[in-house]
Amino acid sequence: MRTEMKKSKKLSIVLDANWYVFACISRKSRRTLYYNILKNPDLQVFYSIELMTEFRDVIKRPKFTKIITHKQVNRFEIIALKFLKKTKIRIVPDIILFGMPTIIICLEFVTVAKPTI
């Protein structure tokens, strides 16, 4: 009788834009993101257009442009996007949570094909 190991399912996660900002400006954060998260075979990291727009808006602020150049940001983004899968954001309105109207943002984990470069 042959016993096969069950293939483990990847954990799907979305990182806040601050993760990418800190990784851009800090070598330690960049290494943590790259080696512990992006290259982790048990994790699948997703991103959305809105998330990347927020990252770009934040990293363009004057306090960050003193630390990191536009060229370095572009290089970081190109490398990071190689490990990320695109997803879409769907807003579920009119949810009542603890007696308060709440908007819940759901991420639809739909893999969107990346163009080959």
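The lining of the largest pocket comprises ten nonpolar, one polar and two charged residues, where Ala, Val, Leu, Ile, Met, Phe, Trp, Tyr, Cys and Pro count as nonpolar, Asp, Glu, Lys and Arg as charged, and the others, Gly among them, as polar. The structure is a predicted model, in which local features need pLDDT of at least 70 and side-chain atom pairs count only at pLDDT 80 or more, while totals for chains, interfaces and linings use all residues. Residues are numbered from 1 along each chain as its sequence is written, and side-chain values use heavy atoms, with hydrogens and water left out.

A pocket is here an open set of points on a 1 Å grid over the protein atoms alone, where a 1.4 Å probe fits, with protein on both sides within 12 Å along at least five of seven lines, and lining residues have an atom within 4 Å of a point. About 370 Å³ of space lies in the largest pocket, the volume being the space filled by probe spheres set on the points, which are joined across faces, edges and corners. Of its 13 lining residues, Ala23, Arg30, Arg75, Phe76 and Ile79 lie nearest the centre. Helix 5 gives the most to this lining, with five residues; helices are DSSP runs (H or I, at least four residues) and strands likewise (E, at least two), numbered from the N terminus.

Rings of Phe, Tyr and Trp (its six-membered ring) pair if their centres lie within 6.5 Å, and planes under 30 degrees apart count as stacked, over 60 as edge-to-face and the rest as tilted.

| Pair | Centre distance | Plane angle | Class |
|---|---|---|---|
| Tyr34 and Phe83 | 5.4 Å | 85° | edge-to-face |
| Phe55 and Phe76 | 6.1 Å | 45° | tilted |

Phe55 lies in helix 3 (residues 49-59) and Phe76 in helix 5, so this pair ties together parts that are 21 residues apart in sequence. Phe55, at 0% relative accessibility, counts as buried, a term for under 20% relative accessible area, with exposed over 50% and partly exposed in between (1.4 Å probe, protein chains only). Phe76 is also buried, at 11%, whereas Tyr34 is partly exposed at 27%.

Ring pairs link Tyr20, Phe55 and Phe76 into a cluster. In the largest nonpolar core, which has 24 residues, Tyr20, Leu33, Val45, Phe55, Ile59 and Phe76 touch the most other members; such a core is a set of buried Ala, Val, Leu, Ile, Met, Phe, Trp, Tyr and Cys residues joined through side-chain atoms within 4.5 Å.
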